[in-house]
Each structure stands twice: as structure tokens, then as C-alpha cells.
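Hello,

Please find the structure below, with the sequence. My notes come after it.

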Amino acid sequence: MMLLFGAGAFLMRGAGCIINDMWDRDFDRKVERTRERPLASGAIGFAPAMVWLAGQLGLSLLILVQLNWFSIILGASSMGLVVTYPLFKRVTYFPQVILGLVFNWGALLGYAAVRGYVDPFTVIPLYIAGLCWTMVYDTIYAHQDKVDDALIGVKSTALKFGDRTPTILWELSTTMLFALGCSGYMAGLSWPFFAGLGGVGVHLAWQTFAVNLNDPADCYKKFKSNHYLGLLVFLSIVGGTFLAVDETMGDRKETQQTLKANLLRL
């Protein structure tokens, strides 16, 4: 299952980049950092890009149909956001929200592929955590191009947040940590997961407050550091799962039942 999802993520990430570059090729020509991208520079034509995109989407579909029907429908339903995401930077200062919804669809799909359904008490907090994390690192990433973006009319949270960026990013980071904690608790993960969240918090604080938002090179460095943050989250989940005990899971199932009962009364 992990191999299937790894391959699917690789292919859909590539397809998403092609779609983004197709929509944005005229904008990319006007931005210093992106003007040499293949479509923007003319190194690759639109037709060959379409062929490559079709190949990646076709292989992704082959992977998707290996899953259960609920997962197939859930996975296919993400395509609208995948295709239209680049348009949002033309009409809203919050395209990073849409990117977060797209990038973290795997939180929903992965659970559904294994269980055949989505447990909202476990998966929705995980999805929210991923959304907040995406907004953190992509806002830092967007600060690289904020001068050019302001001139050509591309919108982003980097322009919207301005000087308030570090404070807002830390608010998003704390929300991410809280949501991860909730998801881990409801999933029955044990102490290594929560210990790992301490390291995640330190890394988030470092990149949020140490980044020089007026230095594109430093923004890119902090953005790239999220590879290590993702690895830390992954290892925390693995450790928390490996040492989980049945008694802990039973207690948390009771908590879920209590929450469900209270929600039904509302």
C-alpha cells in the first residue's frame, strides 16, 4: 500500500506541477525566479506537455483503481481542485489554502484505502494539520517572489500577511500541532508520537521566526527544511504506532463514542 501511495504521490505531484506551469506560463515569464521554466521559456511546447501530463494522469488512474470503490470516488473528486488551483492566485490572496486542500487529500485517501471509510475524529484533524503546514511553508516560499507578484497582479498570503507573517505563521503552526495531537490521540498513538511533536514544534518555531522574509535565498532554505519536518512527523507516527497498546486504543474509542453522542445531541 505504501508503494502504491508513494508512486501515486510522485505522479500526481508531477502532474500538478505541469498543470500549474501550463496555467502560469505567461506569469512565469515575468518573474525572475521562474522565467527559465520549460514552458515559460519555450524549451517545451504546450502539446508535448499535454502528452506528458496525460501519461502521468493515466498511470495515476491505474494506481487509483487498485483501491476500494470509496477510495476511487474520493480520489477522483480531488481532480477539480488539482486542475483549478492555479486560477485562485488570480482572484484571491489565499491560494495557499486551496493548495493545502489539494496537497493533503492523501490524508483522507490513505485512511479510506486501508479502512474503507473515513473516521472524522482521526482524519479531519490530520487534514487540518496538513492544511496549516502547507500554508506555513508555501507562504514562506511565496515571499521569494512577492516583489514581482505585486507588479504582475499575482496574489498570495505572502502579500496579504506582509509584516504580520511571522505571527500568523506561528498561529498556523500551533494549530497544526494541536490538530496533530488530536489526530494522534484519537488514533491511539503512544508517547513517542507526542514526544516527536515537541521536535516538530521546535522546527516550526525556528523556520517561522528565523526566516528572513526579505531574502529569497533564505526563504527557499527554510522552505526546503520542511523535508526534515515531514520526516520527523513520519518517524513520530511510526514510533507512536509501534508502541501503541490495545488498552490505550480502547480508552480512546470510548472517547470517540462520547464525542459522537454529544454531537448527535446538538
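Predicted model: local features only at pLDDT ≥ 70, side-chain atom pairs only at ≥ 80, totals over all residues.

Start with the helices. Helix α8 (residues 120–142) packs with helix α11 (residues 165–186) at an angle of about 155 degrees, and their axes are 8 Å apart. An angle over 145 degrees counts as roughly antiparallel, so α8 and α11 are roughly antiparallel to each other. Their crossing is left-handed. Among the residues that make the contact are Phe 121, Leu 126 and Trp 133 of α8, and Leu 169, Met 176 and Leu 180 of α11. The residues of this contact divide into 17 nonpolar, six polar and no charged.

Next, the charged pairs. Side chains of opposite charge can pair when their charged atoms come close. The structure holds eight salt bridges.

Asp 24 takes part in a salt bridge with Lys 89, where the closest N and O atoms are 2.7 Å apart. Asp 24 lies in helix α1 (residues 2–28) and Lys 89 in the loop between α5 and α6, so the pair ties together parts that are 65 residues apart in sequence. Asp 24 is buried, with a relative accessible area of 4%, and Lys 89 is buried at 12%.

Asp 24 also meets Arg 90 in a salt bridge (3.1 Å, N to O). Arg 90 is in the loop between α5 and α6, 66 residues from Asp 24. Arg 90 is partly exposed, at 27%.

Finally, Asp 21, Asp 28 and Arg 37 are linked in a network of salt bridges. Within it, Arg 37 and Asp 28 meet at 3.5 Å, N to O. Arg 37 is partly exposed, at 23%, whereas Asp 28 is buried, at 7%.

Regards

How values were computed
Residues numbered from 1 in each chain as written. Heavy atoms only, no water. Axes fitted to C-alpha atoms, helices over the stretch in contact; angles between N-to-C directions. Helix = DSSP H or I, 4+ residues; strand = E, 2+ residues; numbered from the N terminus. Parallel < 35°, antiparallel > 145°, perpendicular 65-115°, else oblique. Left-handed = near helix turned anticlockwise from the far one by under 90°. Contact = heavy atoms within 4.5 Å. Nonpolar A, V, L, I, M, F, W, Y, C, P; charged D, E, K, R; others polar. Salt bridge = Lys/Arg side-chain N within 4 Å of Asp/Glu carboxyl O. Buried < 20%, exposed > 50% of the residue type's maximum accessible area, 1.4 Å probe, protein only.
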